[in-house]
Amino acid sequence: MRVLVIGGTGHIGSYLVPRLVLAGHDVTVVARNPHPQYTDERLAWTRVTWEVADRSAEEEAGTWAERMAGLETDAVIDLITFRTEQNDVMMQAFAGRIEHFLHCGTIWSYGPTERAPYEEHFPRRPTTQYGIDKAQIEADLHRAWCRDGFPYTVIHPGHICGRRWLPIDPQGSRDGVGVYRKLARGETVHLPDLGLATIHHVHADDVAQLFQLSLEQPGQALDESFSAVAPYAMSLLGCCRFVASLFGHEAILEFVSRAQLQTIVGDRSWAVIESHIEHSPCSSIAKGQHLLGYQPRYTTEQIYTECIEHLLSTGELEI
Ligand SMILES: NC(=O)c1ccc[n+]([C@@H]2O[C@H](COP(=O)([O-])OP(=O)(O)OC[C@H]3O[C@@H](n4cnc5c(N)ncnc54)[C@H](OP(=O)(O)O)[C@@H]3O)[C@@H](O)[C@H]2O)c1
């Protein structure tokens with residue numbers, strides 16, 4: 001199958017494109033730079049056709065729609081649409097001439113967790129502009145399916161990570177190696193409230209797996225959305241305990257109020273932590289397992305282990 005991957009060299013694409021090439025698909029990748037950012041470009045990437053373009057610049061200049069209309073493909077995987085008007089252009093460009101359009105959403109479109117684990121058919125109650133826009137894109141795609149049979153699927157990833165892309169850390173931030181160093185050295189880590197807010201990671205290769213499974217089983221995937229997450233979410237407390245255990249000791253934790261934590265970590269880190277604890281995501285993978293055979297290769301513990309091994313091997317984390 002001819003597959004066009006828009007934004008195919010980042011976290012997801014670095015794993016997805018080799019998967020598609022090795023499965024025998026004829027893959028064209030759109031990016032500004034024709035190189036994968038997170039995997040080795042000698043592996044499978046030599047068989048990729050490059051469409052080097054700056055989407056933002058072309059959207060501004062009004063030439064992006066024309067570029068898309070000129071591309072011949074059977075399927076489109078759009079990894080970098082964030083606003084409804086961008087998606088409108090994509091739907092217009094490919095309506096009636098492709099078999100499958102796969103959009104990359106986010107679990108932030110679900111909103112803060114009300115029922116856990118969240119299933120894809122639960123109501124969307126996004127609270128951030130990012131989540132609101134992604135939820136609207138999903139609704140627009142569903143409407144286009146109902147109206148014209150536009151053949152879409154939406155994949156909603158959790159917190160994406162990989163060997164060279166640090167996971168959301170056990171404090172709920174993405175603040176370099178500081179928290180890992182503290183847990184490795186047996187120093188105190190501060191957690192908000194009782195440390196029971198959850199985070200839900202996913203390895204980029206598991207996101208890629210779900211895109212591939214959807215692409216290759218359209219009968220199961222059309223007009224559906226799937227959460228791309230690890231088998232289970234973990235609390236910050238659980239994440240701290242696990243990472244400390246990798247270094248052979250108990251996590252030393254101090255539980256503080258949100259206001260105290262903001263003072264301790266600073267405004268920038270706090271903004272990231274606050275968004276995570278307010279969402280406390282926890283999504284189900286049952287639908288992906290049942291309809292597509294999704295089998296995530298990585299738990300959160302395995303994600304942390306892979307990243308910490310990488311940090312130790314590069315010297316970024318010293319203990
Ligand atoms: N990060 C997360 O934890 C997370 C969680 C949930 C959902 N998501 C969703 O994941 C998607 C992003 O996927 P990702 O994390 O794989 O992205 P990423 O790592 O940021 O990679 C972005 C890709 O798009 C290309 N790109 C960026 N700007 C471009 C432009 N102006 N023109 C053409 N190509 C451009 C990049 O290549 P060049 O730089 O060479 O152009 C690269 O291939 C989004 O839809 C986001 O909502 C992310």
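Which residues of α1 are buried? In this predicted model, local features are given only where pLDDT is at least 70 and side-chain atom pairs count only at pLDDT 80 or more, while totals for chains, interfaces and linings use all residues. Residues are numbered from 1 along each chain as its sequence is written. Helices (H or I, at least four residues) and strands (E, at least two) are DSSP runs, numbered from the N terminus.

The buried residues of α1 are His-11, Ile-12, Gly-13, Ser-14, Tyr-15, Leu-16, Val-17, Pro-18 and Leu-20. Here a residue is buried if 20 or more other C-beta atoms lie within 10 Å of its own, exposed if 12 or fewer, and partly exposed in between, with C-beta atoms placed from the backbone. The helix is thus mostly covered, with 9 of its 12 residues buried. These buried residues pack against β1 (2-6), β2 (26-31), β5 (100-104), β7 (159-161) and α7 (204-216). Arg-19 also lies in α1 (residues 11-22), but Arg-19 counts as partly exposed because it has 17 C-beta neighbours inside 10 Å. Leaving aside neighbours within four places in sequence, Arg-19 is in contact with Ala-208 and Gln-212; two residues are in contact if their C-beta atoms, placed from the backbone, lie within 7 Å. From Arg-19 to Gly-7 the separation is 12 residues in sequence and 15 Å in space, C-alpha to C-alpha. After α1 comes Gly-24, with a positive phi near 95 degrees.

β1 and β2 run parallel and are joined by 5 bridges, where two strands pair if DSSP finds at least two bridges between them. Within this arrangement, Ile-6 stands opposite Val-30 in β2.

The helix α1 turns up again around the ligand. The ligand is surrounded by 22 residues, and the closest are Gly-7, Thr-9, Gly-10, Arg-32 and Arg-55; a residue is near a molecule if its C-beta atom, placed from the backbone, lies within 6 Å of it. At least two residues of this shell come from each of α1, β2, α2 (55-61) and β7, and α1 gives the most, with 3 residues. By class, the shell holds 9 nonpolar, 10 polar and 3 charged residues. In this count, Ala, Val, Leu, Ile, Met, Phe, Trp, Tyr, Cys and Pro are nonpolar, Asp, Glu, Lys and Arg are charged, and the others, Gly among them, are polar.

Across the boundary, 12 residues of domain 1 are in contact with 12 residues of domain 2. On the side of domain 1 that touches domain 2, β7 and β10 (201-203) each supply at least two residues. That side has 6 nonpolar, 6 polar and no charged residues.

What about the nonpolar core? A nonpolar core is a set of buried Ala, Val, Leu, Ile, Met, Phe, Trp, Tyr and Cys residues joined through C-beta atoms within 7 Å. The largest has 85 residues, of which Val-5 and Val-207 touch the most other members. The biggest contribution to this core is from α7, with 7 residues. Domain 1 and domain 2 both give residues to this core, so it lies between them. Not counting residues up to four places away in sequence, Val-207 touches Ile-12, Ile-155, Pro-157, Ile-160, Val-202 and Ala-228.

Some local backbone features complete the picture. A cis peptide bond joins Ala-116 and Pro-117, with omega at about -5 degrees, and Pro-117 is placed in the loop between β5 and α5. Ala-44, although not a glycine, has a positive phi of about 75 degrees. Ala-44 is found in the loop between β2 and β3 (49-52) and is partly exposed, with 17 other C-beta atoms within 10 Å. Asp-193, likewise a residue other than glycine, has a positive phi near 55 degrees; its place is in the loop between β8 (188-192) and β9 (198-199).

Definitions and conventions: Domains from an automatic or database assignment.
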